[in-house]
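Morning, everyone. I have one structure to walk through today.

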Amino acid sequence: MHDPNDLYDTTFRLFTLQSPLLRGKTQRAIDLLSVERFVDLNTNLHYFARRYNAILAQHDEQRDSLASVRGTRFRRVEGLYYDYIRSQSTEVRSMLDRIAAMPLNRPNEGE
């Protein structure tokens, strides 16, 4: 893990994928750890905020005005899915607001 890292505990633990049979997995781990959204909390939260907003926007665009009357076989499951996406979107927004409210550089007491 890269340090500093907002998403993972960077306390040293042995982490190896060195095997001739796992060479592809080693490269995949290196690739994943090179993407900022996997190691920076703020970037990760913004990524999911955009994903959730896109899912909800697409759902609203596809909504048929008669769907509530006609219904579908998957109406209940679809409702649960979009309720979950809405709740996760709200949680992500809350976390982003908390990060934004944090002081970036707090001066040390007594300086």
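Arg-86 is in contact with Leu-56 and His-59, leaving aside its neighbours within four places in sequence. Contact here means heavy atoms within 4.5 Å. The C-alpha atoms of Arg-86 and Leu-56 are separated by 7.6 Å. Along the chain, those two residues are 30 apart.

A word on the source. This is a predicted model, where local features need pLDDT of at least 70 and side-chain atom pairs count only at pLDDT 80 or more, while totals for chains, interfaces and linings use all residues. Residues are numbered from 1 along each chain as its sequence is written, and side-chain values use heavy atoms, with hydrogens and water left out.

Now the overall layout. The chain has 4 helices and 0 strands. Helices (H or I, at least four residues) and strands (E, at least two) are DSSP runs, numbered from the N terminus. Read along the sequence, the pattern is α-α-α-α. Of contacts between residues at least 6 apart in sequence, 66% join residues at least 24 apart.

How much of the chain is buried? Buried residues make up 17% of the 111 residues. The cut-offs are these: buried is under 20% relative accessible area, exposed is over 50%, and partly exposed is in between, with a 1.4 Å probe and protein chains only. The chain exposes about 9600 Å². Carbon and sulfur atoms supply 54% of that. These areas come from the Shrake-Rupley method with a 1.4 Å probe, and for residues only the protein chains shown count as cover.

Back to Arg-86. Arg-86 is found in helix H4. Its relative accessible area is 36%, so Arg-86 is partly exposed. What does Arg-86 form with Asp-83? A salt bridge, with the closest N and O atoms 3.0 Å apart. The rule asks for a side-chain nitrogen of Lys or Arg within 4 Å of a carboxyl oxygen of Asp or Glu. By that rule the count comes to 1 salt bridge. Side chains of opposite charge can pair when their charged atoms come close. Asp-83 and Arg-86 are 3 residues apart in helix H4, so about one helical turn separates them. Asp-83 is partly exposed too, at 47%.

Next, the core. Which residues make up the largest nonpolar core? There are 9: Leu-45, Ala-49, Tyr-52, Ile-55, Leu-56, Tyr-82, Ile-85, Val-92 and Leu-96. H2 gives the most, with 5 residues. A nonpolar core is a set of buried Ala, Val, Leu, Ile, Met, Phe, Trp, Tyr and Cys residues joined through side-chain atoms within 4.5 Å. In soluble globular proteins, nonpolar side chains tend to be buried together.

Take Ile-85 as an example. Ile-85 is found in helix H4. At a relative accessible area of 4%, Ile-85 is buried. Not counting residues up to four places away in sequence, Ile-85 touches Tyr-52, Ile-55 and Leu-56. The C-alpha atoms of Ile-85 and Ile-55 are separated by 7.9 Å.

Ser-89 is also in helix H4, which covers residues 75–101. Is Ser-89 buried or exposed? Its relative accessibility is 15%, so Ser-89 counts as buried. Beyond its neighbours within four places in sequence, Ser-89 is in contact with Tyr-52, Asn-53 and Leu-56.

Last topic: aromatics. The structure holds 3 aromatic pairs. Tyr-47 and Phe-48 have ring centres 5.1 Å apart and planes at 85°, so that pair is edge-to-face. Tyr-81 and Tyr-82 are edge-to-face as well, with centres 4.9 Å apart and planes at 75°. Rings of Phe, Tyr and Trp (its six-membered ring) pair if their centres lie within 6.5 Å; planes under 30 degrees apart count as stacked, over 60 as edge-to-face and the rest as tilted.

Tyr-81 is partly exposed at 40% relative accessibility, whereas Tyr-82 is buried at 12%. Tyr-47, Phe-48 and Tyr-52 form one aromatic cluster. Finally, Arg-37 lies over the face of Tyr-47, at 3.6 Å from the ring centre. That call needs NZ of Lys or CZ of Arg within 6 Å of the ring centre and within 35 degrees of the ring normal.
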